[in-house]
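My notes follow the structure.

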Amino acid sequence: MSEFNVRLASKGEIRGISDWFLEERSKYPGMSQLVGRGVRGWMVRNVVTPRYLRKAAYTYVLEQDGKTGGFAVVEQGGLAVNLADFAIREGFDRASLVSAMLAQMEQLAHEREYHYLRATPWDSSETALAPFYQAGFQLLDYYLWVFTGQVSGIATPKDVTLVELAAKTALERRLHFLRKELDASQVAGRDLIEAVFFPRKPSTYRAYRVETVDALGGEPTEIGYLSPRPNERSDGVLTLSVSLEPEAWGTDLEMQTVGGFASEAGPDQPVRVLVCTSLHADRAEEGYRKLGLIRELDLRPVLYKDVRSDTP
């Protein structure tokens, strides 16, 4: 039977792990520019990444029968111990090495009195996530789902107006509607979401207040927030982040507002619609399907485990 071991990387191993780390990240969309060229690339390869792995994180070597089968990068801060990144070589027992790493993280969390463990694996396949579920992790219900595809021929409703917001106001309104969505969905791990994942700074992307006016032409009513983010992930896709009053989830109003904006981007423009919670996604799935958008689990879902009631 194989033996599995997790140990801190030595100073002499950091450079090799740094190269491995950058090689792994360059495989994923939007990450190939991580290193870059020229002076910036040299700095990332030779200074920034090695320093991060040596001083800003715990860098572990994952061993199977005394042979190096992988690495893991673990951060700590706020409420959680976070598995920031890891990689396993072909031919090694991935599930067992991940399980050993998660046990090491849990021990660290108990020693430092953290509330949660969290992880954001690049591979969200059922097989890849199985060791996390077996260790007691669950998906954090926050921006889990996206709707992807192309939209054309949808007109924005005449009673809907998009009012562009200044950066600071956009941040305040986004947080307002995020809290409303979380309240309505009653998600677990709410304190972790607010402490770690809520935006802290204004976005560089445009954002709009979504307003409606009733048939009698009264005062406009604010019903949500919409932010278009062209090529946000360096993949040519227009990302649309939308937060709405729960009463509007899945309604024709949501479909026509989002679909109208997506249509204006052009019939050949791929889009990705982000919604905050699974309940919103559940209610909106049929409507987005009719627009031609397919529901998918987003890249790098967040998994978490509450360890406050566990014993070391």
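**Whole chain**

I began with burial: 47% of the 312 residues of the protein chain count as buried (under 20% relative accessible area, with exposed over 50% and partly exposed in between; 1.4 Å probe, protein chains only). This is a predicted model, where local features need pLDDT of at least 70, side-chain atom pairs count only at pLDDT 80 or more, and totals for chains, interfaces and linings use all residues. Residues are numbered from 1 along each chain as its sequence is written, and side-chain values use heavy atoms, with hydrogens and water left out.

I counted 8 helices and 14 strands in the protein chain (DSSP runs numbered from the N terminus: helices are H or I of at least four residues, strands E of at least two). The C-alpha trace spans about 75 × 50 × 35 Å along its principal axes. I then checked contacts (heavy atoms within 4.5 Å). Of those with a separation of 6 or more, 71% join residues 24 or more positions apart.

**α5 and α6**

I took α5 (residues 167–185) with α6 (residues 190–197). They pack at about 165 degrees, axes 12 Å apart (axes are lines fitted to C-alpha atoms, for helices over the stretch in contact; angles run from 0 to 180 degrees between N-to-C directions). The two are therefore roughly antiparallel (over 145 degrees; under 35 is roughly parallel, 65 to 115 roughly perpendicular, the rest oblique). Their crossing is right-handed (the near helix is turned clockwise from the far one by less than a right angle). I listed R179, L182 and D183 on α5, and R190, I193 and E194 on α6, as making the contact. By class that is 2 nonpolar, no polar and 4 charged residues (nonpolar: Ala, Val, Leu, Ile, Met, Phe, Trp, Tyr, Cys and Pro; charged: Asp, Glu, Lys and Arg; polar: the others, Gly among them).

**α7 and α8**

Next came α7 (residues 252–264) and α8 (residues 278–291), whose axes come within 10 Å and cross at roughly 55 degrees. That makes α7 oblique to α8. This crossing is right-handed. From α7, E254, M255, V258 and G259 meet H280, A284, G287, Y288 and L291 of α8. I noted 5 nonpolar, 3 polar and 1 charged residues in this contact.

**R173**

Is R173 buried or exposed? R173 sits in α5 and is buried, at 15% relative accessible area. Its side chain makes a polar contact of 2.7 Å with that of E222 (a pair of N or O atoms within 3.5 Å; within protein, one must be able to donate a hydrogen and the other to accept it, and residues adjacent in sequence count only if both atoms are side-chain atoms). Leaving aside neighbours within four places in sequence, R173 contacts L165, E222 and Y225.
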